[in-house]
Amino acid sequence: MNNPASPPGTFFSVDGDRSAEVPIENPAYRDRLRGLQTDDTRPPDETLRALLRLGAEWLDVELGYLACIDPAASTYEVAAVSGPHPTVTTGSTVPLAQAYCRRVIVRDDALALEDAPRQGWDGDPAYETFRLSTYLGAKVVGDGALYGTLCFVDRAPRQASFDESDAAALARLVQAVEQTLERRRPGARPRQTSARLEALFEEAPDMITFHDADGQLLLANPRLCEMTGYDADTLTRRHMWDVDVSLNPDDARARWDTMAPGDQHRREGRYRRKEGSTFPVEVDLRCIAVDGARQFVATGWDTTEHRRTENALREKEARLRGLGNSLPGVTYQFYVRPGGEWGYHFVGEKAASVLGLSPDPDGFYDRFVQCIPPEHRERYRASTKAAAAEHRPARMELPFERPDGTRIWLLCSSMPERRENETLFNGVLLDITDRREAEQAVQAERDRFETLFHNLPTPVVHGWSDEEGHLRVQTVNDTFESVFGIGEEQIRTKDLQAEIVPPDAQDEADSIRRWLLAGEPVDREVRRETSDGTRDFRVQVTLRDDGPGPTEGYAIYTDITERKTKERELRTRGRLLKQLRENITDVVWMSPADKSEIEFISDAYEEIWGRPTDQLQDHPNAVVEAIHPADRERVQAALDTQRKDPDAYEETYRVVQPDGTVRWVRDRAAGVHGEDGRLERIIGVATDITERKRREQVLQARQDKVEALYTTTSQVLRAESTTAVGRSIVDLVNEVFGYPVVIVRFREDECLVPVQASPDVADHVPNPSSFDVTGESVVATAFRDGDTALFDDLSAVGDSVDYGAVRATAVVPIGTHGTISVAALEAGAIAGFDRRLIEILSTYAALVLDRIEYEGELVSAKEEAERLNRMKSAFLANMSHEIRTPLTSIIGFAEVIGDEATSLLEHSDSPPDAVTALDQFADLIEESGHRLLETLDTVLNLSRLEAGEMELD
């Protein structure tokens with residue numbers, strides 16, 4: 001609704017002084033107006049109509065009328081009109097909210113509209129009610145109070161706009177109307193209205209209050225004071241939201257701002273009592289104009305008891321309706337009263353869906369009877385009257401023609417219930433169309449079955465089981481007699497199982513017998529004896545239990561011998577195909593020659609491409625879209641040429657699965673040509689070579705590492721010191737394997753001391769430690785055991801060593817010299833192949849360290865030999881001096897003694913034996929001395945030869 005402060009349209013001042021200054025363009029109208037004002041002989045009502053006719057002619061509109069407005073009731077009553085009109089008639093009363101005048105009474109200006117819909121009034125109730133496009137109206141005041149409005153209207157839009165001269169004419173007409181009203185019992189109506197309003201306000205049983213546009217209470221009637229516990233003075237010092245706690249001040253003001261005099265708003269709220277409790281109310285709010293200002297009258301009703309009763313009734317009605325509507329069919333309650341009065345209290349909502357009739361109880365009986373076919377209508381009426389007269393249950397079945405022409409069958413059933421002044425029939429109308437149709441279908445089916453039974457091309461047996469558990473035959477068809485070679489008369493008194501079951505199928509037949517005796521139907525494949533030998537049948541037995549007698553059954557024998565033979569062949573082939581399918585891991589695909597779709601693709605596609613095969617029905621290009629971007633353009637180009645020469649197509653590419661997994665595929669194709677040589681289809685095989693590619697990459701990586709290892713081991717082999725060996729090991733492992741932590745420790749006494757480490761080892765390990773050879777650390781343990789120790793997760797090792805950020809490590813002994821520690825920051829990151837290469841490296845390092853150690857020992861031995869040689873030379877030199885001098889004396893004295901003994905022997909004829917012996921001893925001493933002197937010379941010459949002091953000729 002438009003804001004009353006600025007409604008669409010044009011406003012002209014109708015102030016008497018200013019209007020007098022505006023010249024009247026047609027003096028004739030002015031003179032006629034003066035004549036009416038001065039004619040005291042004309043009755044006031046006739047004068048009013050004459051003024052209205054004059055104004056309509058003057059302003060060139062089809063109607064002029066005077067409206068009387070009751071602010072208290074917010075109503076608008078047409079008091080007089082200039083002539084007949086289809087929408088505006090004398091005495092018609094409408095809410096003030098549906099009149100243009102509500103915009104006029106709050107101002108001292110005239111409202112002018114030349115084309116109301118175009119000027120924004122097309123959705124307003126005033127235009128919708130009277131459909132008046134042209135309007136010019138102003139407020140009329142009598143005896144100082146609002147009387148109403150003087151209006152001039154037309155249903156057609158006005159071509160020329162109203163101007164100041166029109167407003168001046170309206171002002172003069174308003175003055176004339178006000179003068180005429182003063183002549184007609186001046187003051188009576190306002191005083192009478194004021195008295196009635198005051199009595200209504202004071203004595204009203206409802207709570208009434210007046211408040212302004214800011215919510216300030218202006219008046220409160222005694223009923224409001226009684227219900228809230230406040231006195232009137234206290235209430236007038238409060239705002240409306242202090243009384244109605246459901247009001248939000250901002251929302252309330254916004255609502256009031258949109259209301260114009262005559263507008264009405266009804267809502268639910270809660271009034272607060274003085275002691276703090278609240279109670280529900282229904283509030284009717286009306287906007288009125290008082291002295292040109294908008295005020296609001298709020299009339300409230302206490303709805304506590306009403307809501308309680310209403311909720312109880314609503315709950316009871318909901319339960320009853322829910323119960324009725326939950327039952328199958330259309331539930332109803334029909335009443336019959338003394339004197340022949342009858343009707344419906346209630347008809348279920350399902351009447352619309354089941355019967356196609358409105359569930360309105362009024363007239364339901366007549367509507368219902370009219371839909372019963374004429375040939376059944378009187379029977380229904382008679383049954384209904386008899387049941388009502390005898391107060392007995394009613395039940396009958398009859399056809400019913402729905403309004404849409406559909407015929408259904410209804411079961412009408414009701415039970416009487418006597419009340420004090422009426423008899424109720426609680427009943428239900430059930431749609432039994434399906435049941436009736438089923439019954440008719442069953443009878444027709446029985447007839448067809450009898451015909452079918454005797455003409456079926458398959459053997460059929462009708463029989464029962466006797467008290468002893470034997471299966472007895474009652475009837476067989478002609479086909480049974482021809483297939484099994486047994487007539488109905490022959491087998492009727494015999495046990496069927498004994499006649500047609502082969503000896504090797506007796507257990508299976510006994511199982512069927514037990515199944516049938518338990519009342520269960522049978523559907524099995526069996527072997528039976530026929531006149532042509534043993535054949536395969538599918539036997540289907542259906543049972544029927546119609547009463548106290550034995551259960552009957554029908555057994556149909558369908559010959560499936562050929563099918564079973566083919567099934568056995570197919571099973572053999574199926575096993576072969578299954579084995580073949582289970583062992584083929586390639587993607588086999590087939591497409592038409594134009595490559596417009598994929599006609600077939602094997603299930604391996606889902607494993608290799610990681611996508612469902614059914615996706616390819618609507619999106620065959622998904623195969624190519626899954627190819628790695630680096631390979632897609634190349635493969636797409638090859639696929640484009642595949643149509644010309646399918647046999648030449650062979651591509652290797654990568655497929656990216658939805659989870660990011662990459663598979664390598666080798667894709668080949670071949671063409672299938674028709675008899676005319678034209679290419680009809682292209683078939684292909686895509687082989688997953690991911691594992692082969694992975695092995696190739698692993699082998700290449702290993703080969704690269706081995707080559708790098710053998711290329712760089714020369715550094716280790718050329719090392720001349722343990723420090724150089726350690727540095728070469730660290731450099732080589734860092735370069736070839738790339739592990740972040742490499743530490744080489746050598747044994748010094750009983751400790752394994754770090755001698756070399758990776759440059760960044762401090763970023764990952766706090767401080768490489770030395771370890772006691774006999775300790776429990778992983779390094780010492782691996783050294784003592786002489787075998788590589790691999791730890792996938794050091795957090796599981798229970799020692800006290802701080803390994804820092806290291807999680808996985810391998811400790812490789814270097815013989816008896818030390819260890820190589822290789823570590824990674826992720827658990828399980830030490831590859832087995834890397835470990836074996838590092839073990840080879842440690843073997844080389846051990847050999848080099850052994851060589852360095854051996855060379856050290858040789859140098860020490862040489863130095864020791866040279867020292868001993870020098871000692872020997874000094875010894876021999878000393879010995880030559882010390883031995884040669886006494887030996888020379890000994891030899892000399894031996895020669896002297898020999899000479900003396902020889903002299904004695906020569907001068908004596910018979911020398912004594914002592915002289916002879918002395919001569920011999922002297923010769924021996926001399927000979928031995930010379931031999932010892934030669935030996936000493938030989939040793940001295942050998943020493944000189946070793947020392948290089950002797951030259952050989």
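The legends below describe several close-up views of a predicted model.

**View 1. Helix 3 packed against helix 6.**
In this view, helix 3, which covers residues 44-58, and helix 6, which covers residues 164-183, have axes 9 Å apart and pack at an angle of about 175°. Because an angle over 145 degrees counts as roughly antiparallel, helix 3 and helix 6 are described as roughly antiparallel to each other. On the side of helix 3, the contact is made by Pro44, Thr47, Leu48, Leu51, Gly55 and Trp58, while helix 6 contributes Ala169, Leu173, Ala176, Val177, Thr180, Leu181 and Arg183. Sorted by class, the contact of helix 3 with helix 6 consists of nine nonpolar, three polar and one charged residues.

**View 2. Helix 2 packed against helix 3.**
Helix 2, made of residues 27-38, crosses helix 3 at roughly 175°, and the two axes come within 11 Å. Helix 2 is therefore roughly antiparallel to helix 3. The residues that make the contact are Tyr29, Arg30, Arg32, Leu33 and Leu36 of helix 2, together with Thr47, Ala50, Leu51, Leu54, Glu57 and Trp58 of helix 3. By class, the contact of helix 2 with helix 3 holds seven nonpolar, one polar and three charged residues.

**View 3. The largest nonpolar core.**
The largest nonpolar core has 33 residues, and the members that touch the most others are Leu66, Val140, Leu150, Leu170 and Val177. Two or more residues of this core come from each of helix 2, helix 3, strand 2, strand 5 (109-113), strand 6 (134-142), strand 7 and helix 6, and the largest share, eight residues, is given by helix 6. When its neighbours within four places in sequence are set aside, Leu150 is in contact with Leu52, Tyr65, Leu66, Leu136, Gly137, Ala138, Val140, Leu170, Leu173, Val174 and Val177. Apart from this core lies another one, of 31 residues, which includes Ile729, Tyr739, Ile814 and Val848.

**View 4. The salt bridge of Arg155 with Glu62.**
Of the 47 salt bridges found in a search of the whole structure, this view shows the one between Arg155 and Glu62, whose closest N and O atoms are 3.0 Å apart. The pair links distant parts of the chain, 93 residues apart, with Arg155 in the loop between strand 7 (145-154) and helix 6, and Glu62 in the loop between helix 3 and strand 2 (63-70). Arg155 is partly exposed, at a relative accessible area of 41%, and Glu62 is also partly exposed, at 30%.

**View 5. The salt bridge of Arg267 with Asp244.**
Here the side chains of Arg267 and Asp244 meet in a salt bridge, with an N to O distance of 2.5 Å. Arg267 belongs to strand 10 (residues 264-272), whereas Asp244 is found in the loop between helix 10 (240-243) and helix 11 (249-257), so that the pair links distant parts of the chain, 23 residues apart. Both Arg267 and Asp244 are buried.

**View 6. The salt bridge of Glu422 with Arg337.**
The closest N and O atoms of Glu422 and Arg337 are 2.8 Å apart in this salt bridge. Because Glu422 lies in the loop between strand 16 (407-418) and strand 17 (423-431), and Arg337 in strand 13 (residues 330-337), the pair ties together parts that are 85 residues apart in sequence. Glu422 is buried, with a relative accessible area of 11%, whereas Arg337 is partly exposed, with a relative accessible area of 25%.

**View 7. Helix 28 and its surroundings.**
Helix 28 spans residues 778-785, and its buried residues are Val778, Val779, Ala780, Ala782 and Phe783. These buried residues pack against strand 28 (741-748), strand 29 (751-757), strand 30 (771-772), strand 31 (789-791), strand 32 (808-814) and strand 33 (818-824). After helix 28 comes Gly786, which has a positive phi near 75°.

Most residues other than glycine have a negative phi. Asp60, although not a glycine, has a positive phi of about 60°; Asp60 is placed in the loop between helix 3 and strand 2 and is exposed, with a relative accessible area of 61%. Arg131, also not a glycine, has a positive phi of about 55°; Arg131 lies in the loop between helix 5 (125-130) and strand 6, and at 41% relative accessibility Arg131 counts as partly exposed.

How values were computed: Residues are numbered from 1 along each chain as its sequence is written. This is a predicted model: local features need pLDDT of at least 70, side-chain atom pairs count only at pLDDT 80 or more; totals for chains, interfaces and linings use all residues. Side-chain values use heavy atoms; hydrogens and water are left out. Axes are lines fitted to C-alpha atoms, for helices over the stretch in contact, and angles run from 0 to 180 degrees between N-to-C directions. Helices (H or I, at least four residues) and strands (E, at least two) are DSSP runs, numbered from the N terminus. Angles under 35 degrees count as roughly parallel, over 145 as roughly antiparallel, 65 to 115 as roughly perpendicular and the rest as oblique. Contact means heavy atoms within 4.5 Å. Ala, Val, Leu, Ile, Met, Phe, Trp, Tyr, Cys and Pro count as nonpolar, Asp, Glu, Lys and Arg as charged, and the others, Gly among them, as polar. A salt bridge is a side-chain nitrogen of Lys or Arg within 4 Å of a carboxyl oxygen of Asp or Glu. Buried means under 20% relative accessible area, exposed over 50%, partly exposed in between (1.4 Å probe, protein chains only). A nonpolar core is a set of buried Ala, Val, Leu, Ile, Met, Phe, Trp, Tyr and Cys residues joined through side-chain atoms within 4.5 Å.
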